[in-house]
Amino acid sequence: MRGLMLAAAGSALATGVAAPAQAAPRSILVAQALPSYETWLADVKVVTDQASAFLGTRLPASGIKPAIVLDIDNTALQSKYKPYDATPTVLALAKQAKAAGAAIFFVTARPEIIGGPTVINLSVVGYTWTDLYTRKTFDFSDNQTLKTNARIDIERRGYTIVANIGNSITDLDGGHAERTFKLPDYNGQLD
């Protein structure tokens, strides 16, 4: 509905005809803006606090090889707000999990050709991890399939994924994790 109203307003502006007031009130256009950096950090903290509490009860784990899976863009790294910087509470969560004996895996749709720079970026900001899964050169799978297959591979390696953290539903759907934690994406504005 909102998209239709914005499209109607846009086409009216393009033709020079004023759009009806009810078609695209200014408040809808303003609602499309991303929240402030501080608001985003606070929203992320709400979710990472929940994940931290869960990991506090789940780890250390006996009888399994525990792991957590992290998405990269707008999850482990602040791609939209402060490119290349770590997301502070996600980094803290990764360190908590590692200290409690969990392996850390990154699963991203970033192409493997930028794997080297991604590794450098993650290392410089303080992450340590077991493995990084990127999109292979000729893998045209949708993001959800790509990421689900990566989690299946992690399980085949003998790990139990106790938590999967990402900001997109495609990071989380498809199973193969005990718990999922969705960071805000503000209606898909943060990919």
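Student: What pattern does the protein chain follow, read along the sequence?
Tutor: This is a predicted model. Its protein chain holds seven helices and five strands. Read along the sequence, they follow the pattern α-α-α-β-α-β-α-β-α-β-α-β.

Student: What share of the residues in the protein chain is buried?
Tutor: Buried means under 20% relative accessible area. The protein chain has 191 residues, and the buried part of them comes to 40%.

Student: What share of the contacts between residues at least 6 apart in sequence join residues at least 24 apart?
Tutor: Contact means heavy atoms within 4.5 Å. Take the contacts in the protein chain between residues at least 6 apart in sequence. Those that join residues at least 24 apart make up 68%.

Student: How far apart are the end C-alpha atoms of helix α3, and what should the helix span?
Tutor: Helix α3 covers residues 37-58, which is 22 residues. At 1.5 Å a residue, α3 should therefore span 32 Å. The end C-alpha atoms agree with this, at 31 Å apart.

Student: Which element gives the largest share of the lining of the largest pocket?
Tutor: The largest pocket holds about 170 Å³ of space. The elements that give two or more residues to its lining are β2 (103-111), β3 (131-135) and α6 (143-156). With four residues, the largest share comes from α6.

Student: How many residues of that lining are nonpolar, polar and charged?
Tutor: Residues that line the largest pocket include Val107, Leu132, Thr134, Lys136 and Asp153. The lining divides into five nonpolar, four polar and three charged.

Student: Is Leu146 buried or exposed?
Tutor: Leu146 sits in helix α6 and is one of the residues lining the largest pocket. Its contacts beyond four places in sequence are Thr108, Ala109, Arg135, Asp139 and Ser141. The relative accessible area of Leu146 is 9%, under the 20% cut-off, so Leu146 is buried.

Student: Is Asn121 buried or exposed?
Tutor: Asn121 lies in helix α5 (residues 115-124). Not counting residues up to four places away in sequence, Asn121 touches Leu77 and Tyr84. Its relative accessible area is 12%, under the 20% cut-off, so Asn121 is buried.

Student: How far is the C-alpha atom of Asp85 from that of Gly126?
Tutor: Asp85 is in the loop between β1 and α4. With a relative accessible area of 36%, Asp85 is partly exposed. Leaving aside neighbours within four places in sequence, Asp85 is in contact with Ala76, Leu77, Gln78 and Val125. Gly126 is 41 residues away from Asp85 along the chain, yet their C-alpha atoms are separated by 9.8 Å.

Definitions and conventions: Residues are numbered from 1 along each chain as its sequence is written. This is a predicted model: local features need pLDDT of at least 70, side-chain atom pairs count only at pLDDT 80 or more; totals for chains, interfaces and linings use all residues. Side-chain values use heavy atoms; hydrogens and water are left out. Buried means under 20% relative accessible area, exposed over 50%, partly exposed in between (1.4 Å probe, protein chains only). The expected span of a helix is 1.5 Å times one less than its number of residues. On a 1 Å grid over the protein atoms alone, a cavity is a set of points where a 1.4 Å probe fits but cannot get out, and a pocket is an open set with protein on both sides within 12 Å along at least five of seven lines; lining residues have an atom within 4 Å of a point. Grid points are joined across faces, edges and corners, and a volume is the space filled by probe spheres set on the points. Ala, Val, Leu, Ile, Met, Phe, Trp, Tyr, Cys and Pro count as nonpolar, Asp, Glu, Lys and Arg as charged, and the others, Gly among them, as polar.
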